Amino acid sequence: MRKILLLLITVIGLFALSQDANLTSGTLENGLKYYIKENRLPENKAYFQLVVRAGSADEKPSELGLAHFVEHMAFNGSRDFSKNELIQKLESLGVAFGADLNAYTTYDSTAYMLNIEVNERNLKDVFLVFRNWMDGINFDKDELDKERGVIIEEDRSRNTPEYRLYKLHWDDLLEGSIYASRAPIGDMNIVRNVSVSQMKDFYNRMYQPRLMEFVAVGDFKKDEILNYIKDSFSSVKNTNYDTKENRTIPAKNGLNIYNYDSNETAENSIKISFFDKFSPRQTESQIRKAIINLYISNLINTLYEEKTNRENSIQRAVFTNMPIQAQKTMYSFDMKIIGDDQEDSIKDMLSVINGIKIHGFSQSDFDDEKKNLINIINNRYLQSKSKKSADYLRDIVYALELGNVILSDIDSRNLSLKILNEITLDEVNAEFRRILSLDEKSVSIFSSKGYRLGKEKFEQLANDIKPYTFHLKSFKLPSKLINKEIKPGKIISKKFDEKHKIWSYTLENNATVILKTLKNEKNLISFAAVSKGGVSNLARPQLGEFATTLSNESGAGEFNNYQISKILNGKYLSYQKRISSLSHGFYGKSSTGDIESLVEAIYLEFNSPRVDDDMLKKIKTKRIEDLAKRESLPSYKFSKEFSEFYYNGNERKKHFSRSDIEAVKINDLKDIVNDKFTNASSYTFIFVGDFKETDMEPLIKKYIATLPAKFNSENFIDDGVRGLDGVHIFERFYQTSNRSDVIVKMKNNQIQYSKFDLIKISALGEVLKMALRENIREEKGETYGISLSTRLNKHPYIHSRVDISFTTSPQKLDSVLDGIKKTISNLKSEGALDRYIQSYKKSTILKLEQKYEQSGFWLNELVSSKIYDNEIFSLDEYEKFVSMITNEDIKNAAKLYLKEDNMIIGINSPIK
């Protein structure tokens, strides 16, 4: 995938010396802290989060899992709401109800989130709900017993090979601290047996207002919200002032080696880490250090781009830094091991680390990175003028978690630019060397092949390596991708769609351009250039994705990706080719000021697509390695065999084998790229975002109207691929833990298509989800969650599909499947509860109102219109059709789309 925009770092927006003057904060007499920020986007919406500084680290040995259990019980009734009343209240607010959607528990905190449409009734209701969570959660024994099953199933759903490996490594990092024995999910033996009184004891002990923070961001008057906070929360009482147990993570100075058997995941990688004391970003020097570390990360990425292109290598490491419980900062080099020689990979990484230590980063790369970071910071500031309330809330909560001070957008930009202009290359090199000299170090080896690394062996490898030397050869690149004179082409016609405020242009090369401006997307333009076709008309559809990946990784014209990133350094843009079943094209984005550089890059791609033979060898090697890894995973083995079963062994749906990958020929891929990505007359070019049409027209004439064209338009075809008809059960026994993963597929090929039908099947999916959640999760505790997706396709043939998936214990499998079938049967005969339908309408309209001003929504709508000939609705039309949904519509949709005579069930159960 092409990534010209190397890095977008959200934490830059949090760099601060003093708090944002537009953030109102304070502390009530009971110790509850509050943070309020007015923000008009999206209009008439508000976002709230209650953070309780009580997590799994606050549990006693007999309470493991209770912090998380309390979070679940918060949605099962409280002082002012029975369970059903609470659900109904949340649904009336437009909340997509579910403890997994609206709350989370960590080692140090529990958080509850709600967002609403702003009006007096909703504000009163939402503050009453939050007040109930603070000191009014009920612990009804029957509801407690039901919720045990949900949590046990949540634990089961997480218990994957990947999670088990992650937990082993994480526990080693936390060794010697209380965190090592306090995973938030808890101990299932305690969850099975905990009593109401034990739950109340934990809740009453830990839910103290002095341990609470309340954050509100939205389109409201801050004084009104402050009054709600004071009126609603001031009377919450502290019942104790207990000190918390020591949770220091001890330093383990010296070199620590960890070897992990990753046979279950086939993960083969190495991580070399250095540990520093964590410092929150409260002073200019701390922010300076963070920016220097950002320099280091990006410069290492640049060095590896240079190295892999020069050496035709696929070995590369990434450098990251992350906080560990706001106590340590872990700096890490991570590398995936390709091939069987772990020691060769270790030496390669050590060679690079030592090369940077001795030689330092280059001045030219440093200067380029400085230019890049300055551009990112300026662009992010311009985009902050359309920053959404949900993003502000996330940033505030993250800053509170780490102890960072929150700065205004303008102060953040000014401070970051000031520091960037002061930092020198010597500072960056000195900080890198300081990191390498830290007292606490670790090497983690993940091997599926039995490799074990000892301390003496590692030190021997470190002593034997030769420091890598970068910058062996200097080369001069042009300042632009296109350096020839381009004579502008012609716009043949243009028209304006008054209803949707869209300009459409027809060009002399038969290409079409669509422009849609958005007032709420500042300094951002989203882009797509799309054509019908996709892999549908390829003899071997698997080669389509292979060809686009190769082209994306090869570069364009005479330049490889490293050279393109250098030429475009300081530009805020990214793009890539994509191909799907029925379409193909380019997708990307840029700042308003860099849009010419984006269309210039697209011009180069159309005129001179690049497919590199050395890059193909790299991709083949990596894919063969990845395939070997996936083939050992229970989920992959099952999905591969189930797909072959569902599509009756159709060659067009088969996964590529190792021999298939090895047999791929570069000329076949070149033909696909040239056929799919060089004919402008088959394309529609779509731009959505912050621009003026008059500024875009010269670019359209110069770069798009002059693209090569064959003056024919490609189309997709019906390739004849169909899923199985009838009722079938496909079961395999590949799971390595006590769980059954299940997929239920229902389809109907004998239906009609309309935009209203699309809304009906979406409504059916939402109310079915609600019914399944209540009937199977809430009432029986038989699964943690049920995923459901609906699809109504117009092309290449009209058909519907509903997929339902879940994880449960093998002992409960039949009961869950029976519950799903009974719920479906009831929908067909009785329809849905009225509150389900009203909740669907409320939440869907709220989401539509927000989406309708977002570039991603419009890009998708316009692509869908051009590729699938779908009608575009106005917001009023969407809301009208959603509001028209009746229970009779739900019953009829259930009969039409939930076809039990076309039901395929796939089950992956434990190894016998």
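**Reading the features of a predicted model**

Modeller: Please keep in mind that this is a predicted model.

Colleague: In what order do the strands of the open sheet with β4 lie, and is the pairing parallel, antiparallel or mixed?

Modeller: In general, the strands of a sheet pair through backbone hydrogen bonds, either parallel or antiparallel. Here six strands form an open sheet with mixed pairing, and their order is β1-β2-β6-β3-β5-β4. The edge strands, β1 (23–27) and β4 (103–105), each pair on one side only. On average, neighbouring strands of this sheet are turned by 10° against each other, with direction ignored.

Colleague: In which sense do β2 and β6 pair, and over how many bridges?

Modeller: Strand β2 (residues 33–38) pairs with strand β6 (residues 212–218) in the parallel sense, over six bridges. Within this pairing, Lys 33 has Glu 213 of β6 as its bridge partner.

Colleague: Which faces of strand β18 are covered?

Modeller: In a regular strand the side chains alternate between the two faces of the sheet. For β18 (residues 684–689), six of its six residues are buried. Thr 684, Ile 686 and Val 688 lie on one side, with Phe 685, Phe 687 and Gly 689 on the other, and both faces are covered.

Colleague: Which residues stand opposite those of β18 in the strands that pair with it?

Modeller: Strand β14 (residues 512–517) pairs with β18 in the parallel sense over six bridges, and Val 513 has Phe 685 as its bridge partner. Strand β15 (residues 525–532) runs antiparallel to β18 and is also joined to it by six bridges; in β18, Phe 687 stands opposite Phe 527.

Colleague: How does one check the length of helix α26 against its number of residues, and which of its residues are buried?

Modeller: At 1.5 Å a residue, the 17 residues of α26 (residues 813–829) should span 24 Å, and the end C-alpha atoms are 25 Å apart, which agrees. In α26, the buried residues are Leu 813, Val 816, Leu 817, Gly 819, Ile 820, Thr 823, Ile 824, Leu 827 and Lys 828. The elements that cover them include β20 (740–748), α25 (755–778), β22 (799–808), α30 (887–897) and β23 (903–910). After α26 comes Gly 831, which has a positive phi near 85°.

Colleague: How are Phe 127 and Tyr 228 arranged as an aromatic pair?

Modeller: A pair of aromatic rings is described by the distance of the centres and the angle of the planes. The count of aromatic pairs in this model comes to 49. Phe 127 and Tyr 228 form a stacked pair, at 5.1 Å centre to centre and with 15° between the planes. The pair links distant parts of the chain, since Phe 127 belongs to helix α4 (residues 120–135) and Tyr 228 to helix α9 (residues 222–233), 101 residues apart.

Colleague: Why do Phe 127 and Tyr 228 count as buried?

Modeller: The cut-off for buried is under 20% relative accessible area. Phe 127 counts as buried because its relative accessibility is 1%, and Tyr 228 counts as buried because its value is 15%. Both rings belong to a cluster linked by ring pairs, which includes Phe 48, Phe 75, Tyr 112 and Trp 133.

Colleague: Which charged residues lie over the rings of Tyr 381 and Trp 503?

Modeller: Arg 413 lies over the face of Tyr 381, at 4.4 Å from the ring centre. Over the ring of Trp 503 sits the charged end of Lys 494, 5.1 Å from the centre.

Colleague: Let us end with loops. Is Lys 490 buried or exposed, and what does it contact?

Modeller: Lys 490, in the loop between α16 (455–464) and β12 (491–497), counts as exposed because its relative accessibility is 56%. Leaving aside neighbours within four places in sequence, Lys 490 is in contact with Leu 507, Glu 508 and Ala 705. By contrast, Leu 453, in the loop between β11 (440–447) and α16, counts as buried at 3% relative accessibility. Among the contacts of Leu 453, leaving aside neighbours within four places, are Ile 257, Ile 346 and Phe 458.

Technical notes: Residues are numbered from 1 along each chain as its sequence is written. This is a predicted model: local features need pLDDT of at least 70, side-chain atom pairs count only at pLDDT 80 or more; totals for chains, interfaces and linings use all residues. Side-chain values use heavy atoms; hydrogens and water are left out. Two strands pair if DSSP finds at least two bridges between them. Helices (H or I, at least four residues) and strands (E, at least two) are DSSP runs, numbered from the N terminus. Axes are lines fitted to C-alpha atoms, for helices over the stretch in contact, and angles run from 0 to 180 degrees between N-to-C directions. The expected span of a helix is 1.5 Å times one less than its number of residues. Buried means under 20% relative accessible area, exposed over 50%, partly exposed in between (1.4 Å probe, protein chains only). Contact means heavy atoms within 4.5 Å. Rings of Phe, Tyr and Trp (its six-membered ring) pair if their centres lie within 6.5 Å; planes under 30 degrees apart count as stacked, over 60 as edge-to-face and the rest as tilted. A charge sits over a ring if NZ of Lys or CZ of Arg is within 6 Å of the ring centre and within 35 degrees of the ring normal.
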